[in-house]
Number of protein chains: 2
Amino acid sequence: MTITKAAAVGGGVIGAGWVARLLLNGIDVSIFDPDPEASRKVSEVMKGARRAYKRMLPDGLPKEGKLTFAKTIAEAVTDADLIQESVPERLDLKHKVLAEIDLHAPANAIVGSSTSGIKPSDMQVAMKKHPERLVVAHPFNPVYLLPIVEIVGGAQTFPEAIEVAKEIYASIGMKPVVIRKEIEAFVGDRLLEAAWREALWLIKDGICSVEELDDIMRYGFGLRWAQMGMFQVYRVAGGEAGMRHFMAQFGPCLKWPWTKLMDVPEFNDELVDLIASQSDDQSAQWSIRELEKIRDENLVGIMDVLSKTNKGKGWGAGALHKDYVKRLGKLAAAKKPVSKAAAKAKAAKPVKKKAKKA
Amino acid sequence: MTITKAAAVGGGVIGAGWVARLLLNGIDVSIFDPDPEASRKVSEVMKGARRAYKRMLPDGLPKEGKLTFAKTIAEAVTDADLIQESVPERLDLKHKVLAEIDLHAPANAIVGSSTSGIKPSDMQVAMKKHPERLVVAHPFNPVYLLPIVEIVGGAQTFPEAIEVAKEIYASIGMKPVVIRKEIEAFVGDRLLEAAWREALWLIKDGICSVEELDDIMRYGFGLRWAQMGMFQVYRVAGGEAGMRHFMAQFGPCLKWPWTKLMDVPEFNDELVDLIASQSDDQSAQWSIRELEKIRDENLVGIMDVLSKTNKGKGWGAGALHKDYVKRLGKLAAAKKPVSKAAAKAKAAKPVKKKAKKA
């Protein structure tokens with residue numbers, strides 16, 4: 001299932017990331033965002049995304065889709081195959097926006113919400129016409145590069161809508177993972193929240209600085225998680241004795257006083273100041289744009305190198321990346337106007353005489 | 001500060017990983033492990049480590065250090081510059097082993113404990129002679145490839161011991177991060193425990209399978225954490241508004257019911273069976289040895305690609321990797337016996353007559 005026209009409602013970091021992925025796949029996008037700065041922000045993200053895709057496709061990108069700024073939600077969604085909602089995380093706002101989308105979108109269009117935490121059941125109640133086509137389609141930043149998208153259906157979502165959504169997101173190079181039961185924050189953000197909460201304690205208690213914590217991740221387990229997840233890493237760590245052995249050994253640790261389990265640190269000005277100033281110490285030497293550029297270069301590099309391992313078959317995100325780049329390369333080749341020389345050669349080719357056949 | 005002789009007490013997955021890193025850096029190692037299988041296990045790890053280092057150094061490895069199996073702790077540690085303790089995580093056992101090490105090790109040797117959770121203050125009480133030279137030096141698996149090592153001093157540890165330990169671990173290609181205050185499980189394992197606990201809930205509650213959870217990591221935030229940590233990633237995600245904006249937006253989420261905060265899942269047979277069988281579904285197609293091989297290939301590939309980004313200066317683990325490979329390459333070149341042709345050419349060179357000088 002491929003699509004030719006999409007709508008984006010909301011053009012912040014996430015919304016603009018979707019727009020970039022869609023346009024770079026040759027899909028036309030109509031966007032609605034009331035922010036007067038929306039156009040500038042989207043074009044900034046596009047600039048970064050184009051640069052990243054050029055690393056993936058040095059011989060040229062596919063013809064970009066056409067971007068239109070709509071004046072209303074109705075105008076944006078009216079003839080879209082996919083509507084991606086990425087407005088701020090407030091249920092009242094989601095209700096208002098989804099009701100409007102529902103009213104004007106084609107009946108068979110898929111409505112994907114980028115929410116990172118709200119349950120689809122709680123959102124689709126606002127859709128009076130076709131709540132059955134709402135799915136959560138939760139991506140990770142930068143949306144134009146990271147392949148993962150969590151797909152979550154609500155109480156009213158049709159199984160067919162989930163199937164179609166999976167196909168659509170896969171068709172733009174993503175890895176859809178369908179979450180089996182609807183819970184707040186789904187899977188990725190549950191894990192991130194748990195780690196984030198622990199990290200705040202570590203900073204607040206002066207155990208380490210934000211830079212030291214980041215280094216422990218990026219010189220350590222982050223390098224593992226880029227290619228295997230937590231369970232597969234532990235399976236390997238269990239050695240010849242395997243997963244059961246690993247768990248027998250490490251399960252009891254859960255009862256040890258090893259994490260700040262029972263409480264959440266108070267998120268006061270003092271903590272915000274501490275983290276913001278440590279973050280400046282770590283990163284103020286680069287602008288956000290420079291960091292984005294480095295991040296994207298690293299992401300493309302990592303996925304590219306993973307596309308060549310495992311006896312050339314690729315591994316994890318690398319195997320997917322390999323297929324994605326190949327498909328985009330074909331799209332790019334298809335757009336190329338026939339060169340003058342090739343056109344001449346073609347013209348010079350003698351046309352087979354029909355008479356011969358007779 | 002470089003060393004020429006090290007001792008390893010304990011040769012499990014972590015101990016053998018240390019042995020491999022040390023030997024491949026040309027350092028002699030004397031190991032004590034009462035397990036009759038120890039020699040086989042260490043040589044298995046060495047095989048994997050050599051293969052990984054050959055990827056880093058296709059032109060040849062440095063001359064390996066000499067490995068000796070000692071019959072007692074005393075024999076292993078007697079003339080070592082560094083003693084690395086990697087016995088199981090039981091305080092009584094740590095006490096017994098550290099007391100023995102302390103008794104026989106040179107007074108100025110550094111004693112590094114690989115414990116992933118026990119406080120150095122609680123361990124060094126068993127060292128009657130020189131408790132001041134004990135540091136926790138907590139690595140991550142595979143020790144021969146992942147650069148991070150958390151350094152933690154206890155109440156009796158001298159600041160000089162921490163400085164020397166930093167230099168020693170850096171000299172074998174590692175990234176030492178000194179933890180500012182002593183707490184159980186330090187920093188890395190606090191974060192891992194928090195994520196692991198949340199993951200157990202997600203599996204137990206049937207929200208996702210272990211494979212789906214792993215995919216959400218390795219197609220998603222794992223790719224970010226391989227190169228930037230949590231705080232730097234969020235700084236970038238905050239966009240032009242920066243870290244303070246990010247926190248203002250996401251701080252309140254901590255109060256939402258988004259994680260299984262209050263309790264630990266009961267670690268019963270049912271949960272162990274569920275995870276072990278899902279892990280088989282995910283990974284039983286590969287042996288542990290094959291998975292290790294793929295993991296190491298991916299790790300070397302990721303570090304190698306990160307050594308080339310950021311205008312060729314390298315980034316994070318990649319920048320360190322670049323220096324490490326360069327240093328090992330020099331070591332390797334130094335060991336090379338003069339080739340026959342070069343020896344001939346040298347022999348043919350006319351010796352300057354001293355007479356001329358006169």
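In the predicted model, B:S121 is buried, because its relative accessible area of 16% falls under the 20% limit for that class. This residue of chain B lies in helix α5, which covers residues 120-124. When residues up to four places away in sequence are not counted, B:S121 touches B:G154, B:A155 and B:E182.

In chain A, attention turns to a set of annotated positions. The unreviewed UniProt entry lists A:G10, A:G11, A:G12, A:V13, A:I14 and A:G15 under "binding site".

A:G11 is placed in the loop between β1 (5-9) and α1 (13-24) of chain A. Its relative accessibility is 3%, and A:G11 therefore counts as buried, the limit being under 20%. With neighbours within four places in sequence left aside, A:G11 is in contact with A:A16, A:I31, A:D33 and A:V42.

A:V13, by contrast, belongs to helix α1 of chain A. The relative accessible area of A:V13 is 39%, so this residue is partly exposed, a class that lies between the limits of 20% and 50%. Residues up to four places away in sequence again being excluded, A:V13 touches A:N141 and also B:A237 of chain B.

Terms used
Residues are numbered from 1 along each chain as its sequence is written. Chains are lettered from A and ligands numbered from 1 in the order in which they are written. This is a predicted model: local features need pLDDT of at least 70, side-chain atom pairs count only at pLDDT 80 or more; totals for chains, interfaces and linings use all residues. Side-chain values use heavy atoms; hydrogens and water are left out. Helices (H or I, at least four residues) and strands (E, at least two) are DSSP runs, numbered from the N terminus. Buried means under 20% relative accessible area, exposed over 50%, partly exposed in between (1.4 Å probe, protein chains only). Contact means heavy atoms within 4.5 Å. UniProt positions are given in the numbering used here, feature names are shortened, and annotations may be inferred rather than shown by experiment.
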